[in-house]
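The following note sets out points for a colleague who has the model at hand. Please read each point beside the structure itself.

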Amino acid sequence: MSNDVVLSMRDISKTFPGVKALQHVDFTLRKGEIHALMGENGAGKSTLIKVLTGVHSLDGGEIRIAGSDAPIINKSPQDAQSHGISTVYQEVNLCPNLSVAENLFIGREPRKFGFIDWHTMNKKATELLKSLDIDARATDKLEECSLAKQQMIAIARAVDMKCQVLILDEPTSSLDPELVLGILDILRNLANEHKRTMIIVTHEMSFAKEIADRIIFMDDGRIIEEGTPEKIFSNPQNERTKRFLERFQTF
């Protein structure tokens, strides 16, 4: 792998009974890039992410990540996390009755003499929130935060777990348009300042056009088109891509 390549997937295949969910998929992620993964429901996007994160086993192909001398095999999301791959799902998987700091460090709380070190945890949470420009206090209850802010906190938790690749599943689909700006800001910050690499699964064309460095279109378990937003949205070459874009009235 070249120095700027963070992740590569080669010849990835996955079959369920009667369905070829993924067919010889190849793609490469480079440091600090944001990729928007797009396509119709059933195109293979979710299966690709689940194979990458160990929810499903792959039938063929290999996954390589920077820092590993051999292909990696993720048998669970915990395996994926150990390899530096984290996922933030559409439904925020945090605990609303706990504080922001508790949610950021749940399961890995700093301890002193066997007890949670609340001072250190709140201090580290405050530093993390500040570094990502998230306007929340460590001691706030999560349930008191807006949905957009909860998404940001989930992203911050994944980032602090030292991920190389951050996967976001429809991060803006349940947000009002004015709240999307905060998500855009934090993702730009992660890419530009923290050099994080991201895959964003989204149906929202305006969001993808605004945030992505590259667009990956899938259909029938294959990548059918890939390129910059300018290229894909202004001059798609694949007829299925054109129909998808026309249906969502993006150009």
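Which residue of E10 does Met38 stand opposite? The answer is given in point 2, after the basis of the note.

1. Basis of the note. This is a predicted model, in which local features need pLDDT of at least 70, side-chain atom pairs count only at pLDDT 80 or more, and totals for chains, interfaces and linings use all residues. Residues are numbered from 1 along each chain as its sequence is written, and side-chain values use heavy atoms, with hydrogens and water left out. Helices (H or I, at least four residues) and strands (E, at least two) are DSSP runs, numbered from the N terminus.

2. Strand E10 and its partners. Met38 stands opposite Phe217 in E10. Strand E3 (residues 34–38) pairs with E10 in the parallel sense over 4 bridges; two strands pair if DSSP finds at least two bridges between them. E10 also runs antiparallel to strand E11 (residues 222–227), to which 5 bridges join it. Asp219 has Arg222 in E11 as its bridge partner. The hairpin of E10 and E11 has 2 residues between the strands, and Asp220 there takes a positive phi near 55°. Of the 6 residues of E10, 5 are buried, so that the strand is mostly covered. Buried means under 20% relative accessible area, exposed over 50%, and partly exposed in between (1.4 Å probe, protein chains only).

3. The aromatic pair. The structure holds 1 aromatic pair. Phe217 and Phe244 form this edge-to-face pair, at 5.3 Å centre to centre and with 75° between the planes. Distant parts of the chain are linked in this way: Phe217 lies in strand E10 (residues 214–219) and Phe244 in helix H9 (residues 239–247), 27 residues apart. Rings of Phe, Tyr and Trp (its six-membered ring) pair if their centres lie within 6.5 Å; planes under 30 degrees apart count as stacked, over 60 as edge-to-face and the rest as tilted. Both Phe217 and Phe244 are buried.

4. The open sheet. Three strands form an open sheet in the order E2-E1-E4, with antiparallel pairing. E2 and strand E4 (60–65) stand at the edges with a single partner strand each, so one side of each has no neighbour in the sheet. On average, neighbouring strands of this sheet are turned by 10° against each other, direction ignored; axes are lines fitted to C-alpha atoms, for helices over the stretch in contact, and angles run from 0 to 180 degrees between N-to-C directions. Strand E1 (residues 5–16) pairs with E2 in the antiparallel sense over 8 bridges.

5. Leu7 belongs to strand E1 and stands opposite Leu29 in E2. Leu7 counts as buried because its relative accessibility is 0%. The C-alpha atoms of Leu7 and Ala66 are separated by 6.3 Å, although these residues are 59 residues apart along the chain. Thr197, in strand E9 (residues 197–201), also counts as buried, at 0% relative accessibility. Between the C-alpha atoms of Thr197 and Arg30, which are 167 residues apart along the chain, the separation is 6.8 Å.

6. The largest pocket. The largest pocket holds about 520 Å³ of space. On a 1 Å grid over the protein atoms alone, a pocket is an open set of points where a 1.4 Å probe fits, with protein on both sides within 12 Å along at least five of seven lines; lining residues have an atom within 4 Å of a point. Grid points are joined across faces, edges and corners, and a volume is the space filled by probe spheres set on the points. The lining comprises 20 residues, with Gln81, Thr87, Asn93, Arg157 and Met161 nearest the centre. Helix H2 (77–82), strand E5 (85–88) and helix H5 (147–160) each supply at least two of the lining residues. By class, the lining has 12 nonpolar, 7 polar and 1 charged residues. Ala, Val, Leu, Ile, Met, Phe, Trp, Tyr, Cys and Pro count as nonpolar, Asp, Glu, Lys and Arg as charged, and the others, Gly among them, as polar.

7. The second largest pocket and H1. The second largest pocket has a volume of about 190 Å³. It is lined by 16 residues, of which Gly42, Ala43, Gly44, Lys45 and Ser46 are the closest to its centre. Strand E2 (19–30) and helix H1 (45–52) are the elements that give two or more residues to this lining. The classes here are 4 nonpolar, 7 polar and 5 charged residues. H1 is mostly covered, with 6 of its 8 residues buried; among them are Lys45 and Thr47. Just after H1, Gly54 takes a positive phi of about 85°.
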